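Thanks for coming, everyone. I'll keep this brief.

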Amino acid sequence: MVNSDIIAAIATPPGRGGIGVVRVSGGSLGSLALKITGSLPPPRQATLSKFLDEAGLVIDQGIVLYFPAPYSYTGEDVLELQGHGGPAVMNLLLSSCLSAGARLAQPGEFTLRAFLNNKLDLAQAESVADIIDASTSEAARCAMRSLQGDFSNAVRNLVEALTTLRMLVEASLDFPEEEIESAGQGDLQGRLEEIRAQVEHVLTSAMQGSLLREGVRVVLVGQPNVGKSSLLNRLTREETAIVTEIPGTTRDAIRETIEIEGVPVHVVDTAGLRDTQDAVEKIGMARTREAISKANLILLIMDSRRGITAEDRGILGELPSNLPIICVYNKIDLEPAPPHTEVPEVGSAVYVSAKTGLGVEELRKKLLGTAGWQPHASGEGIFMARQRHLYALTDAGAYLKNAASLAGQEVQLDLLAEELRLAQKSLSSITGEFSADDLLGEIFSRFCIGK
Ligand code: GDP
């Protein structure tokens with residue numbers, strides 16, 4: 001266990017509530033517990049206790065829970081003081097803990113200690129924050145799966161498979177004359193491909209998790225009066241944007257977060273994109289461009305009766321070329337005849353009526369599909385992931401690809417070994433487990449080379 005000082009913090013949100021919790025963790029909490037509660041509470045038993053201040057006066061009365069090390073969240077001694085949930089009483093209780101020898105905890109410090117004491121790996125520690133920050137129930141469930149170790153286990157399986165492969169390659173390097181039994185070098189290429197496919201699979205799941213965590217940033221663009229605000233209202237099913245007949249009303253960017261199949265979708269309704277001399281509208285345009293620069297996806301809204309116009313093509317010309325675009329032909333309630341001017345080269349097209357809701361469900365589905373979401377039965381098999389996890393998996397995939405291209409060439413075995421080492425390092429960074437290279441130990445333990 002990492003030797004550490006005593007930290008304390010109010011663990012419940014600020015404000016008033018039925019119960020408030022002050023949490024304390026440290027190497028040894030016996031004397032602190034004695035000062036606060038007057039006696040050493042029995043381990044892991046909810047005990048009614050008075051909470052005392054520095055002078056021994058009663059501040060509050062509540063439940064105390066004492067978890068002696070190592071059987072606690074942090075792996076250290078942990079004390080939980082559950083008092084009445086008012087800000088004044090919580091602050092008094094915290095002050096009392098500080099006077100008794102604790103210091104104020106840094107953000108995330110309890111979980112950091114849990115990681116340092118091997119209670120959680122890095123990916124699990126991150127998922128603790130993701131559960132708390134989850135904006136949809138699907139995201140919360142997904143983060144919980146990561147906390148329970150699903151993601152870490154998938155990564156560990158990959159690392160294990162890689163370790164075995166490295167063992168074979170490095171053994172052939174070190175002892176080229178030896179006949180390494182069970183090495184099966186012939187299928188090196190096959191095993192490499194297998195691991196590559198597994199990395200790809202985990203990456204796909206992690207990308208889905210990343211979508212659940214980060215959400216999709218969607219920007220609505222289009223000429224004034226085509227129905228952008230109406231469509232945003234329809235999507236949010238609430239009256240959130242001003243809808244008028246006067247072109248240029250939506251001067252500011254309006255942001256809404258909606259949930260589609262559990263995925264958070266951040267929608268920005270923009271001020272449109274057009275030449276204007278109006279100073280306020282110019283600011284709106286600048287905000288539009290800023291929103292576009294951060295978007296994952298653009299909805300270009302057009303009037304289905306007009307189809308795509310020169311102005312729309314002007315808007316298209318202003319959009320970054322690598323951004324996915326969905327052309328949304330609106331107001332089909334006014335002209336039910338099939339729309340005339342599709343532009344397949346621009347992106348997929350959807351026909352809707354913001355007024356009646358016709359086609360909006362299809363738009364929702366297309367929006368998620370274009371953002372890369374694959375429908376799952378209750379999100380099974382999706383790992384909550386962060387950008388750094390995606391980078392690590394992508395890097396590992398690239399190193400494995402290099403390794404595969406070297407696999408056929410005998411003389412390149414040392415280069416191949418290096419690519420495998422880098423792939424393993426990338427993967428291990430996800431769980432934070434990459435430490436000294438103990439590969440030699442692996443080799444010795446599995447091969448009989450002492451003869
Ligand atoms: P924006 O300037 O692009 O945000 O357009 P608005 O949402 O303010 O809509 C402009 C006008 O078109 C309003 O009068 C809306 O009621 C109307 N409108 C928007 N969508 C539809 C639609 O699907 N059908 C019909 N009939 N009218 C619509």
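Start with glutamate 361 and lysine 365. They form a salt bridge, and their closest N and O atoms are 3.7 Å apart. That falls inside the cut-off, because a salt bridge requires the nitrogen within 4 Å of the carboxyl oxygen. Keep in mind that this model is predicted.

Where do glutamate 361 and lysine 365 lie? Both belong to helix H11, residues 360-371. They are four residues apart, about one turn of the helix. Glutamate 361 is partly exposed, at 44% relative accessibility. Lysine 365 is partly exposed too, at 49%.

Some salt bridges share partners. Asp5, Glu76, Arg103, Glu109 and Arg113 are joined that way into one network.

Next pair: lysine 294 and glutamate 290. Their side chains meet in a salt bridge, 2.8 Å from N to O. Lysine 294 has a relative accessible area of 48%, so it counts as partly exposed. Glutamate 290 is partly exposed as well, at 43%.

Now aspartate 121 and arginine 156. Here the closest N and O atoms of the salt bridge are 2.7 Å apart. This pair links distant parts of the chain, 35 residues apart. Aspartate 121 sits in the loop between helix H3 (109-116) and helix H4 (122-133). Arginine 156 is in helix H6, residues 150-174.

Is aspartate 121 buried or exposed? Buried, because its relative accessibility is 5%, and the cut-off for buried is under 20%. Arginine 156 is partly exposed, with 29%.

And how many salt bridges are there by this rule? The count comes to 20.

Conventions
Residues numbered from 1 in each chain as written. Predicted model: local features only at pLDDT ≥ 70, side-chain atom pairs only at ≥ 80, totals over all residues. Heavy atoms only, no water. Helix = DSSP H or I, 4+ residues; strand = E, 2+ residues; numbered from the N terminus. Buried < 20%, exposed > 50% of the residue type's maximum accessible area, 1.4 Å probe, protein only.
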